[in-house]
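Please look through the sequence and the 3D structure below, and keep both at hand while you read. The paragraphs that follow go from one place in the chain to the next.

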Amino acid sequence: INEIQLSDRDGRQALHLPRVLVAISPRSVLRGQFEQIDIESPELEIRKDANGHVWVAGLDATRAGDGSAADWVFSQPQWVVRQGVVHWRDESRPQQTQADAPVLTLQGVEVSLVNQWFRHELRADVTPPDTLGQRVSVRGKFFQAPWQGAGEISQWSGELFADLPHVNLATLREWVPMDKGLSLQEGRGAVRLWGDVQKGQL
């Protein structure tokens, strides 16, 4: 499948999928699934508007659905994303901050998601701008109860690991809200985080 594009309601490109490859097998056909979905060089925009609504690929992510889309995604045996680009726009920030840093672009997005029975294994690697830091890696292993839908992420339990080998905290403040009265003027370092997740709570 080639050249899939979605635009937001203002006509701006919100999702571009130059190439999507799907693999099937007799087993996956019997289950109504794909064996693997491989997405090459996608470009995605995620935007938070002034009212706090988050839009992913031009769709309002805060609007409640019946969960069928999430169930479908997390029931496919394997997803692979290669050399993707993600643009993050936060229009809820102060006007001056938006003018100084209008968009955060993450390059070289590599994602592997393996869903097997009631287990989900995720790995994501992204490269932020040079001013923010070096390549970031996030890994997670989660499981769900057999009677729950595959997309009920709020009920997953497991473990999460994040590795930020170098991060510029002063630049990070342009994108991460700080508590009132707290201001990071300067700071650089490495961050590694481990955490247990219980029913969607870290």
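Glu45 touches Asp8, Gln13, Ala14, Trp55, Val56, Ala57, His87 and Arg89, where residues up to four places away in sequence are not counted and contact means heavy atoms within 4.5 Å. Glu45 belongs to strand E4, and strands in this text (E, at least two residues) are, like helices (H or I, at least four residues), DSSP runs numbered from the N terminus. With a relative accessibility of 8%, Glu45 counts as buried; the word buried stands for under 20% relative accessible area, exposed for over 50%, and partly exposed for what is in between, with a 1.4 Å probe and protein chains only.

This is a predicted model, in which local features need pLDDT of at least 70 and side-chain atom pairs count only at pLDDT 80 or more, while totals for chains, interfaces and linings use all residues. Residues are numbered from 1 along each chain as its sequence is written, and side-chain values use heavy atoms, with hydrogens and water left out.

A cavity is a set of points, on a 1 Å grid over the protein atoms alone, where a 1.4 Å probe fits but cannot get out, whereas a pocket is an open set with protein on both sides within 12 Å along at least five of seven lines, and lining residues have an atom within 4 Å of a point. The count comes to one cavity of 30 Å³ or more, and the space in the largest cavity is about 40 Å³, where a volume is the space filled by probe spheres set on the points, and grid points are joined across faces, edges and corners. Strand E4 (residues 43-48) gives the most to this lining, with three residues.

The largest pocket has a volume of about 1800 Å³. Of the 46 residues that line this pocket, Leu44, Ile46, Val56, Val86 and Val111 are the closest to its centre, and E7 gives the most to the lining, with six residues.

Ala57, one of the residues that Glu45 touches, is found in the loop between strand E5 (54-56) and strand E6 (59-60). Most residues other than glycine have a negative phi. Trp117 likewise has a positive phi of about 55 degrees although it is not a glycine, and its place is in the loop between strand E8 (104-116) and strand E9 (119-127). Ala57 is buried because its relative accessibility is 11%, whereas Trp117, at 69%, is exposed. Arg31 lies over the face of Trp117, at 5.5 Å from the ring centre; a charge sits over a ring if NZ of Lys or CZ of Arg is within 6 Å of the ring centre and within 35 degrees of the ring normal.

In soluble globular proteins, nonpolar side chains tend to be buried together. The largest nonpolar core here has 14 residues, and those with the most contacts inside it are Leu17, Val20, Ile37, Ile39, Phe74 and Trp79; such a core is a set of buried Ala, Val, Leu, Ile, Met, Phe, Trp, Tyr and Cys residues joined through side-chain atoms within 4.5 Å. Strand E2 (13-23), strand E3 (36-40) and strand E7 (78-90) are the elements that give two or more residues to this core, and E2 gives the most, with three. Beyond its neighbours within four places in sequence, Ile39 is in contact with Leu17, Arg19, Val20, Trp79, Val80, Val81 and Arg82.

The structure also holds five aromatic pairs. The rings of Trp72 and Trp79 have centres 5.8 Å apart and planes at 80 degrees, so this pair is edge-to-face; rings of Phe, Tyr and Trp (its six-membered ring) pair if their centres lie within 6.5 Å, and planes under 30 degrees apart count as stacked, over 60 as edge-to-face and the rest as tilted. Trp79 is buried at 15%, and Trp72 is partly exposed at 39%. Ring pairs link Phe34, Trp72 and Trp79 into a cluster.
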